[in-house]
Structures are given as structure tokens and as C-alpha cells.
Amino acid sequence: MVGTDDPTRDVTERLREAGEAFVARHRHLRGFILMKGSPSCGLERVKVYHENGMPSHADSGLFVRVLREGFPELPLEEEARMNDAVLRENFITRVFALDDWKRHVEEANEYHALIQFHSRQKYLLMAHHVEAYRELGRYLGSEAHALPLEEVKHSYLQRFMAALSRPATRKTHTNALMHVLGYLKQAVDSEVKQDLLQAVEEYRLGHVHLAVPVRLLNHYVKRHGSAYIRQQTYLDPHPYELGLRNTI
């Protein structure tokens with residue numbers, strides 16, 4: 001990385017060192033919003049040039065690469081992309097998921113804390129990445145028990161946050177909604193069940209936003225759902241007042 005006013009002034013190592021120092025001092029962060037196109041802070045599509053000044057390829061900014069190397073679980077997003085409702089909701093969802101981890105698992109010395117985290121994040125994970133949902137469930141149920149807890153936590157968190165970085169779609173949300181609905185089938189009458197199914201179907205078809213079926217499901221889950229389904233973060237992944245699911 002060189003200066004535009006003086007191409008002989010190489011600041012690559014200085015910026016890398018500054019990035020590494022930043023990561024070391026800011027492990028408390030839950031997310032980071034970056035600047036589009038910045039040679040240091042662009043998330044992607046940052047132009048890289050040959051020495052003759054001609055464009056070579058696109059990459060991430062140097063500071064972003066350091067962030068990803070030293071703090072891979074940290075949710076990252078560009079300020080311009082935050083105008084996209086789906087990407088905005090995805091970023092905030094990841095911020096609150098990481099906050100849950102830091103509050104309840106990061107310093108915990110018991111395997112139980114990790115299991116409880118996975119349990120309440122189960123359908124949120126399903127909505128974002130079904131394969132990861134299955135793989136992480138198998139991992140915790142088998143090989144993880146033979147490994148040191150800190151190693152398991154590190155591996156789980158990287159895979160969990162990577163899975164959440166994939167934005168959920170109407171199809172994957174519908175799948176998660178139907179699984180939640182399954183916990184109410186024996187608790188509500190046929191008329192209520194039909195209303196719930198209709199709300200999910202209207203969302204699947206794009207006639208209503210996600211907030212509609214989720215709000216309706218929340219209403220009945222709070223009254224008739226088990227403790228397990230009531231704790232699912234999928235139903236309230238971020239403060240309702242933000243209105244993030246009113247636009248997707």
C-alpha cells in the first residue's frame with residue numbers, strides 16, 4: 001500500500017501493525033461498519049493497481065484483511081450495503097448473536113453453556129444455513145466431547161458466525177417458520193393453525209413481510225409453546241423496535 005502523492009512511500013506494514021494493535025485492543029466489539037471502496041477499509045471490490053497505475057484486480061482493504069485474520073467471527077458490513085434491507089437485518093442479527101456468545105459462552109468453563117447457546121440459536125441457524133445447522137449439531141453431539149472445551153468453542157464460533165453471514169431467504173425463513181409452527185400443532189385449534197399456515201404461506205409468496213408470520217407465531221408461542229421453543233432467538237433475534245423484519 002503506497003501513498004497517491006508519493007508512490008515510493010510504502011505504508012503496508014505500518015497499516016498492518018495498526019490493524020493488529022486495533023484487534024488486540026477491541027476484542028469487545030460486536031460488529032464493524034466499513035467504508036465502501038476504501039483501500040484500507042473497503043469490505044470487497046477495492047481496486048488493486050499494477051505499479052504502472054493500471055487496474056489489476058479487486059480485493060478487500062488491507063485493514064479489513066487484518067480484521068478477518070485476527071477477529072474472523074466479527075460481523076463486518078459496508079456502510080453503503082446497509083441500505084439493503086436484507087443485508088442490514090443480516091448484519092444486526094449477527095451483531096446480537098455474537099453479543100449472546102460473549103455474554104454467555106465466551107468466559108464459561110462448562111460445556112453446558114455452549115450447548116444452551118446452540119439450543120436457543122438452533123432455528124436462527126437453520127434459517128441461514130441448513131447444512132451448517134446439521135453439521136454443528138452433529139459436531140456437538142459426537143466428536144466435540146473428546147476435544148478440549150476451548151478448542152470446541154473456537155471451532156464452533158467460527159463456523160456458526162460464518163453460517164449466519166449467509167443472508168436468509170424467503171425459502172429458508174419459511175422452512176424455519178414451519179419448524180417453529182410444528183411445536184404448536186397439538187396446542188392450538190384447527191382455526192388458529194390455519195391462520196398460522198396462511199400467514200407463513202403469504203410470506204413465502206412475497207405478499208407480506210417476515211414480521212407478519214413471526215409476530216403471529218410469537219403470540220401463540222408465548223401462550224402455548226414449550227420452554228424450548230420460547231427461548232429460540234429466531235423469534236426475536238434483535239429488538240423489535242428496530243423494525244428490521246418489517247422490510248424483508
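**Reading the charges**

Reply: E20 lies in helix α1, residues 12-25. Helices are DSSP runs of H or I with at least four residues, strands are runs of E with at least two, and both are numbered from the N terminus. This is a predicted model: local features need pLDDT of at least 70, side-chain atom pairs count only at pLDDT 80 or more, and totals for chains, interfaces and linings use all residues. Residues are numbered from 1 along each chain as its sequence is written, and side-chain values use heavy atoms, with hydrogens and water left out.

Me: How many helices and strands does the chain have?

Reply: Eleven helices and four strands. The C-alpha trace spans about 75 × 45 × 30 Å along its principal axes.

Me: Which residues form the negative surface patch?

Reply: Patch residues have over 30% relative accessible area and no salt bridge; like charges are joined within 9 Å, and nonpolar side chains (Val, Leu, Ile, Met, Phe, Trp, Tyr) within 5 Å. Asp and Glu count as negative, Lys and Arg as positive; His and the chain ends are not counted. Here D10, E13, E17 and E20 form the patch.

Me: How many salt bridges are there?

Reply: A salt bridge puts a side-chain nitrogen of Lys or Arg within 4 Å of a carboxyl oxygen of Asp or Glu. The count comes to ten. One of them joins E69 and R16, with the closest N and O atoms 3.0 Å apart. E69 lies in helix α2 and R16 in helix α1, so the pair ties together parts that are 53 residues apart in sequence. E69 counts as exposed at 52% relative accessibility.

Me: What does K153 meet in a salt bridge?

Reply: The side chain of E150, at 3.1 Å, N to O. E150 and K153 are three residues apart in helix α7, so about one helical turn separates them. E150 is partly exposed at 48%, whereas K153 counts as buried at 4%.

Me: Which backbone oxygen does the K153 side chain reach?

Reply: A polar contact is a pair of N or O atoms within 3.5 Å; within protein, one must be able to donate a hydrogen and the other to accept it, and residues adjacent in sequence count only if both atoms are side-chain atoms. The K153 side chain reaches the backbone oxygen of A108 at 3.0 Å.

Terms used. Areas by Shrake-Rupley, 256 points an atom, 1.4 Å probe, with all protein chains shown as cover. Charge placed at Lys NZ, Arg CZ, Asp CG, Glu CD. Buried < 20%, exposed > 50% of the residue type's maximum accessible area, 1.4 Å probe, protein only.
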